[in-house]
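Please read it alongside the sequence and the coordinates.

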Amino acid sequence: MPLFKKARFDAALEEEMRLHLETRAAELIAGGLTEPEAWAQARREFGSPLRMAEESRAAWGWTWLDDLWRDARHAVRALRRDWGFTAVAVASLALGIGVNTLVFSLTAEFLFSEPSVREPGTLAELVVGGDNQIPIREYRFLRDAGVFEGLAGANPMQEANWRAGETTRRLFVTRVTDNLFSVTGTPLLMGRGLAKNDVEAAVVSHRFWRTRLEGDPAVLGRALALDGRPHTIVGVLPETHRTLTGFGYSPDLYLPITLDRGRVALYGRLPSGVDHAAARERLRAACAEMDRVFPDGNRKWSSEVAVNRLAGIDRLRGGFLPTVSAFFAVLMGAVALLLLIACVNVAGLLLARSAARAQEFAIRMSIGAGRGRLIRQLLTESLLLALAGAAAGVALNLLSARLMNRAVFALPFPVKLSIQPDLRLLLYASAVAVAAAVVSGLLPALRATAVSAAIKSGERQVSGRGRLRAALVAGQLAVSVVMLALAALSVRNLTLAARLDPGFDLRRTAWAQVRLVPESYPTPEAVRAEVSSTLDRLRATPGVASASVAYFVPLNDHFSSRAAMIYSDLLPRGERIEHAWNAVTPDYFATMAIPVLRGREFTAGDREGAPAVAVVNEAMSRKLFGAADPVGRRIRIGERAERIVVGVARNSKYSTLGEVDRPALFEPWLQLGGGRATLNYLVRAAGSPAALVRPLNAALLEADPASAIEVKLMSDATAFALLPSRAGAYFLGAIGLLGLALAAVGLYGALAYSTSRRTREIGVRIALGATRGRVLRLVFGEGFAVVGGGLALGLAAALAITRPLARFLIPGLSPSDPTSYAAVCVVLAAVGAAAALRPALRAARIDPMQAIRYE
Amino acid sequence: MPDLNQELLPGTLYLLVLRTLSAGPLHGYAIARRIQAVSRDALRIEEGSLYPALNRMLAKGWLAAEWGVSETNRKARFYRLTAAGRKQLQRESAGFERLVNAIGLVMKEA
């Protein structure tokens with residue numbers, strides 16, 4: 001209600017009231033009363049002017065706005081008076097909300113962000129034949145089938161060698177069809193997207209432009225030497241560009257597809273008026289036609305067809321994503337608990353504060369303020385607190401988001417997050433703030449007004465409130481025990497994982513990743529010739545004990561997983577076995593220091609033309625041959641030719657540190673390899689591998705100056721394998737500590753409050769001869785009772801809640817790991833003692849004389 | 001004094017105010033006095049509920065208010081019936097009549 005209108009209304013009402021009282025008083029005086037008596041009676045008859053005014057105003061339906069304004073002003077005054085309380089409450093909420101919004105933005109960005117395209121709603125990602133990538137020939141067929149307004153293809157995770165001066169660098173490239181930029185409508189910072197007839201043209205990412213091309217404003221038209229050929233830069237992407245691939249994957253370059261090799265992911269623009277389901281039917285029909293035109297015995301393109309949305313749930317199906325989603329779910333759950341603790345903290349503080357204000361409420365209720373009105377005012381106060389907390393939290397979030405956006409992740413491909421403050425975040429923060437206000441404000445408000453009703457009737461009820469507070473704090477401690485248990489488990493998981501034996505040597509090995517320019521090595525034979533001469537060169541390098549090449553480097557590639565029917569002499573009907581697969585050159589097992597328990601490893605004789613052979617690990621041997629010696633026996637994988645087992649290697653880790661006794665199969669690189677331009681050289685040093693990095697680089701550069709070379713120590717290269725454990729430990733550990741800190745503040749507040757309430761009682765006890773030691777024991781006892789209750793409750797809850805976590809933990813670490821739980825108990829007891837210390841000392845210092853006089 | 005005001009039937013206060021004002025505009029205190037006098041002190045309106053009721057009736061458009069001068073030469077706010085208020089009075093009196101008759105019947109027969 002407009003203020004001037006309200007003022008006029010109030011003035012009118014007051015005038016009416018005065019007239020009423022004056023007239024009545026005059027009548028009473030005429031009836032024989034003295035003037036003060038007459039006025040007193042007139043007032044008594046009139047009743048509460050406040051309630052009258054309030055109800056009159058309510059008749060016009062203005063009051064809530066008016067009350068809100070007044071409540072807000074009142075609340076600001078009240079909060080400023082108790083600034084210590086306000087600071088703690090706002091800080092609690094800021095942490096709770098800040099961490100919640102951060103995890104929300106991170107989850108939204110990582111799992112649900114939309115790619116930078118025009119009208120993402122009508123752009124779809126296609127799956128045909130159960131595959132989201134198809135060969136170029138099939139792509140062209142579908143493009144020309146006219147199901148979509150435009151059908152484009154992209155091949156992410158490609159690479160190119162960029163030669164700049166003396167150094168050659170391996171860049172990450174997404175190769176795209178000539179219509180991709182026009183079909184998707186990807187916005188550019190400058191220049192244009194790739195278009196028809198572009199052959200040696202490139203669009204560069206913002207990060208690449210800034211860091212590698214010095215942010216050159218005249219970059220358009222500049223040439224990049226990629227794989228030995230000059231490419232002209234035609235466009236630069238904006239900083240906020242999000243790729244179609246999603247999940248933060250951010251290649252350095254976009255290049256046109258120039259060869260009819262490789263496969264592409266499909267992106268179709270829906271024609272107007274056609275929804276995803278209708279497009280799917282049309283696509284299925286086109287695929288059925290394709291099955292007729294390009295018959296392929298093994299698969300039907302029309303079998304599994306899907307037209308998926310570019311963002312949201314559609315994207316989160318299959319592959320490694322359930323695990324990643326589960327990780328984010330755990331994270332969201334943990335920060336929700338953190339916010340709960342923060343809310344309980346604020347509720348506890350409000351409750352303590354309401355005790356101090358009981359008098360105020362009693363007075364206000366006795367002069368006619370309604371209980372609803374008082375509750376609303378208290379809610380306004382907590383809402384104001386929550387909004388202040390939310391504002392501080394969002395500020396915290398913006399700050400940390402900026403740090404996150406700049407972060408460089410320990411992943412084998414470039415990932416860039418562009419977390420933007422957005423409407424969803426604001427909505428989320430406001431929702432969290434309002435929920436926080438209601439949760440942390442309602443209970444104290446109800447208690448406060450109920451108690452003042454009791455005070456009005458002459459009773460004092462304090463013990464009940466003390467119990468409620470103790471229960472709140474115990475609950476809070478219980479929640480923080482759950483969070484601490486999560487934190488302790490994840491930290492212990494990390495320390496154990498880091499110490500886990502991968503089954504191969506990390507101390508003496510180095511890894512050189514070399515990418516050849518594919519055009520210079522047109523055939524697998526050419527690659528093999530290059531590899532064997534390079535291996536000779538490496539072996540001749542001083543300090544090198546042995547060298548080999550592997551298709552996959554263990555713990556660095558998730559693509560080495562295979563599942564196939566495997567048959568053996570002793571298993572003629574075959575068994576479908578999920579296993580790790582690798583192709584390696586001679587000396588691989590010697591280089592990695594993986595013992596070959598029976599038979600031999602591959603030799604130079606195991607080349608093309610020689611009998612096909614294989615090495616299996618112990619787990620695979622047990623599956624295929626039981627206890628029998630497999631050396632010399634035959635195996636067959638799917639429909640491929642038979643191989644003779646020549647050796648059994650000890651089990652080691654292949655994809656993750658967490659796997660246990662996973663079957664593995666090795667085939668000779670010399671019989672298969674050469675199809676890939678990226679080669680992994682593994683080198684064993686006679687001494688320290690760090691001293692080998694430089695000579696290896698030189699030797700490899702000498703072998704092919706156009707190749708892109710990265711040499712690292714094997715011990716550094718396991719960082720990727722530890723990333724999930726590390727991320728879990730950092731996040732959950734940090735959240736657990738924050739939760740503990742908040743709960744400690746809550747416990748301290750509760751004890752300080754309770755001691756101050758009992759000043760008089762303690763004074764009497766001291767006067768009656770209680771020693772300081774007894775008083776200390778009294779307060780500590782109260783603290784430990786609360787901590788004990790919280791601990792018991794929390795441990796029970798934690799044991800139940802952490803059970804499903806087993807899938808994230810490394811083998812051998814149980815979710816009910818005694819070490820972790822013991823650590824939680826010790827930490828909580830220590831924190832409890834620390835929180836009780838000050839209140840206990842204060843209680844012991846109480847002067848009985850003063851305390852008894854007090855009140 | 002019988003404390004009838006405690007037990008006024010709900011909604012009757014509106015009827016009493018509307019009926020009282022149908023004779024001509026009055027200010028708040030006079031309305032209370034008039035009801036008390038006409039009912040021979042049987043009905044006493046509590047001021048705490050009169051003014052909120054007057055405001056509710058203003059808000060509903062049954063009454064209009066303007067400032068004038070009272071019989072004691074004081075500034076006072078006079079309330080009068082509007083056309084809507086007159087219609088409401090008719091409706092409420094008819095309803096009240098029926099209610100009183102019904103209660104009368106029950107008292108006689110039962």
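The structure is a predicted model. Chain A has 25 helices and 22 strands. Of the 855 residues in chain A, 51% are buried. Among contacts in chain A with a separation of 6 or more, 80% join residues 24 or more positions apart.

Helix α22 of chain A packs against helix α23 of chain A at an angle of about 150°, and their axes lie 10 Å apart. Because angles over 145 degrees count as roughly antiparallel, α22(A) is roughly antiparallel to α23(A). The crossing of α22(A) and α23(A) is right-handed. The residues that make the contact are listed by helix below.

| Helix | Span | Contact residues |
|---|---|---|
| α22(A) | residues 759–767 | Ile762(A), Arg765(A), Ile766(A) |
| α23(A) | residues 772–801 | Arg772(A), Val775(A), Leu778(A) |

By type, the residues of this contact between α22(A) and α23(A) are four nonpolar, two charged and no polar.

Leu696(A) sits in helix α19 of chain A, which spans residues 693–703. Is Leu696(A) buried or exposed? Leu696(A) has a relative accessible area of 1% and is therefore buried, the cut-off being under 20%. Beyond its neighbours within four places in sequence, Leu696(A) contacts Ala510(A), Leu538(A), Val544(A), Val683(A) and Val711(A). Glu710(A) is 14 residues from Leu696(A) along the chain, and their C-alpha atoms are 9.7 Å apart.

Note on methods. Residues numbered from 1 in each chain as written. Chains lettered and ligands numbered in written order. Predicted model: local features only at pLDDT ≥ 70, side-chain atom pairs only at ≥ 80, totals over all residues. Heavy atoms only, no water. Axes fitted to C-alpha atoms, helices over the stretch in contact; angles between N-to-C directions. Helix = DSSP H or I, 4+ residues; strand = E, 2+ residues; numbered from the N terminus. Parallel < 35°, antiparallel > 145°, perpendicular 65-115°, else oblique. Left-handed = near helix turned anticlockwise from the far one by under 90°. Contact = heavy atoms within 4.5 Å. Nonpolar A, V, L, I, M, F, W, Y, C, P; charged D, E, K, R; others polar. Buried < 20%, exposed > 50% of the residue type's maximum accessible area, 1.4 Å probe, protein only.
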